[in-house]
Amino acid sequence: WVLPLAAYGDMADNLSCCRLQPDLMNLAGGDGEVLLSVIAHIILSQRERDFWYAMEAVDKRRKEWLLGRLVAKETIRRLLWQWRKENVWSADIEILPDAKGKPVVHGPEVPDNCALCLSLSHTETAVVALAALLPSGSGVGIDVEPQKNTFDQEFISLAFSPEEQQLLGGD
């Protein structure tokens, strides 16, 4: 998904962003549960699968967690392809939460002076991930919100930088 990367110019080579529209997938009922289990067994490492199956959460939250990992792993795979022109299997990329719940990437080799940073966000209609190869100690973030018809000017001035406000245009 190139839209969030447009403002970064040359730095975009160190970034990758993907999105999924889960509302386009039929994940309801028994067939949906089977599909989610198939996705889990294809993309998750053993530790991630153990975490997902043991997750004490409502089905909606478990589905969001899994689809978030699906999008995050594809984002990381694309970033690593940009960086070293090597394919990495999704299951070889492990994303587990730290003590505060932040997703931490394990597995793929990155340069010693860099960190593979990851940010995830989701709504009912979109799951997005942003990954970056940045100097150690850096971070990255992305957020999606349900689309509203209008935003008042006070909200826009608080929520968006001047550069982001220009991307919004007058509407």
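Rings of Phe, Tyr and Trp (its six-membered ring) are paired if their centres lie within 6.5 Å, with planes under 30 degrees apart counted as stacked, over 60 as edge-to-face and the rest as tilted. The structure, a predicted model in which local features need pLDDT of at least 70 and side-chain atom pairs count only at pLDDT 80 or more, is described with totals for chains, interfaces and linings that use all residues. Residues are numbered from 1 along each chain as its sequence is written, and side-chain values use heavy atoms, with hydrogens and water left out.

Three aromatic pairs are present. One of them joins Phe-155 and Phe-160 in an edge-to-face arrangement, with 6.2 Å from centre to centre and 85° between the planes. Phe-155 is partly exposed at 38% relative accessibility, and Phe-160 is partly exposed at 25% (buried means under 20% relative accessible area, exposed over 50%, partly exposed in between; 1.4 Å probe, protein chains only).

Zero disulfides, defined as pairs of cysteine sulfur atoms within 2.5 Å, occur in the structure. Cys-18 takes part in none, the nearest cysteine sulfur being that of Cys-17 at 6.7 Å. Cys-18 is buried, with a relative accessible area of 7%, and Cys-117 is likewise buried at 8%.

Five helices and five strands make up the secondary structure of the chain, where helices (H or I, at least four residues) and strands (E, at least two) are DSSP runs numbered from the N terminus. Along the sequence, these elements follow the pattern β-α-α-α-β-β-β-β-α-α. Of the 171 residues, 36% are buried. The C-alpha trace spans about 45 × 40 × 30 Å along its principal axes.
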